[in-house]
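Biologist: I am new to looking at protein models, and I would like to learn how to read one feature at a time. Could you take me through this one?

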Amino acid sequence: CYPELLATFCVGSIDSLYQDMQQKQEKESATCFVEKFPDATHGVFAELYEEYKSIILIRDFRSTYCSITSFNKKRNQQDFNRDKFESEEKYFMHLGKVVTKLVELADAKENSRKCYFLKYEDLVQRPKESLAFLFRWLCVGSEKQTIERIMSTPMPGKKKFKFHMTSQSQGQSLERWRTDLPVGFNEYATDQYKNFFERFGYPLT
C-alpha cells in the first residue's frame, strides 16, 4: 500500500545520498550517518531505521529562558518564538510545556534503547567523559585518542558561535537562572514542572 511504498522510497533516497557521499569523501569504512532533526521526527525515523538512535540535548529550561532573553535583548529581536507570546510569563510557561514532553519521551519504554539524553551542563563541565560515554552508547570509537582529537579540532563557524553567546564563557552559562531569572519564576517552575527537574537531576533551589 501507499505508506509502505513511500517509506521504501524515502529510505532508498536517503541511503543513496549517503552512499554517494561515502564514495566522494572516501569514507568507505563509515557505518552510520548523523543528522539534526526536530523532536517531532523521532518516531518517523525510529520506524524507518531499525538501528536508529536519537541524541537529545537538554538543558535546565530556566537557564534556557535567561539565555534567550539575553540574546533577544542584546540584538533587539524577538527570536526563538518569543514574538508569539504576549508576556514573559506566558513564554516561560511555553518553555516549561516543551520540557514536559521530554519527560514523557524519556519515560516511554520503547525509547529506552533508542534515545540518549545528553545534558548541556554535563557537556560543558565534563566534555571528555560525556563524549566517551555517548560514543560507547552509539557503539562507535570512544578511545582516548579519538576524544582528544575531537576536543583539539578547531570549532567551525567560530564567529557565528560568538554571535550567539550571551555570557562570557560556557561555564558562566550554567545555572544562570540563579541570578538572571525574574522574581517568582523559579517558584512557578519548581511547582509546575517538578517532574522535569527530578527526572533529569536538576536542583529545585
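Modeller: We will go from the overall layout to the strands, then to the core, and finally to some backbone angles.

Biologist: What secondary structure does the protein have, and in what order do the elements run?

Modeller: Please keep in mind that this is a predicted model. Its secondary structure comes to 11 helices and 2 strands, and from the N terminus on the elements run α-α-β-α-α-β-α-α-α-α-α-α-α. Of the 205 residues in the protein, 32% are buried.

Biologist: In which sense do strand 1 and strand 2 pair?

Modeller: They pair in the parallel sense, over 5 bridges, and Ile-58 has Lys-119 in strand 2 as its bridge partner.

Biologist: Which residues have the most contacts inside the largest nonpolar core?

Modeller: In soluble globular proteins, nonpolar side chains tend to be buried together. The largest nonpolar core in this model has 25 residues, and those with the most contacts inside it are Phe-61, Tyr-65, Phe-117, Phe-196 and Phe-200. Several elements each supply at least two of its residues, among them strand 1, helix 3, strand 2 and helix 11, while the largest share, 8 residues, comes from helix 4. Apart from this core lies another one of 8 residues, including Tyr-116 and Trp-137.

Biologist: What is Phe-117 in contact with, leaving aside its neighbours within four places in sequence?

Modeller: With those neighbours left aside, Phe-117 is in contact with Ile-56, Ile-58, Leu-102, Leu-105, Ala-106 and Phe-200.

Biologist: What is the phi of Asn-76, and where is its place?

Modeller: Most residues other than glycine have a negative phi. Asn-76 has a positive phi of about 55 degrees although it is not a glycine, and its place is in the loop between helix 3 and helix 4. With a relative accessible area of 74%, Asn-76 is exposed.

Biologist: And where does Glu-175 lie?

Modeller: Glu-175 lies in the loop between helix 8 and helix 9, and it has a positive phi of about 50 degrees. At 34% relative accessibility, Glu-175 counts as partly exposed.

Definitions and conventions:
Residues numbered from 1 in each chain as written. Predicted model: local features only at pLDDT ≥ 70, side-chain atom pairs only at ≥ 80, totals over all residues. Heavy atoms only, no water. Core = buried A, V, L, I, M, F, W, Y, C linked by side-chain atoms within 4.5 Å. Buried < 20%, exposed > 50% of the residue type's maximum accessible area, 1.4 Å probe, protein only. Helix = DSSP H or I, 4+ residues; strand = E, 2+ residues; numbered from the N terminus. Contact = heavy atoms within 4.5 Å. Pairing = 2+ DSSP bridges.
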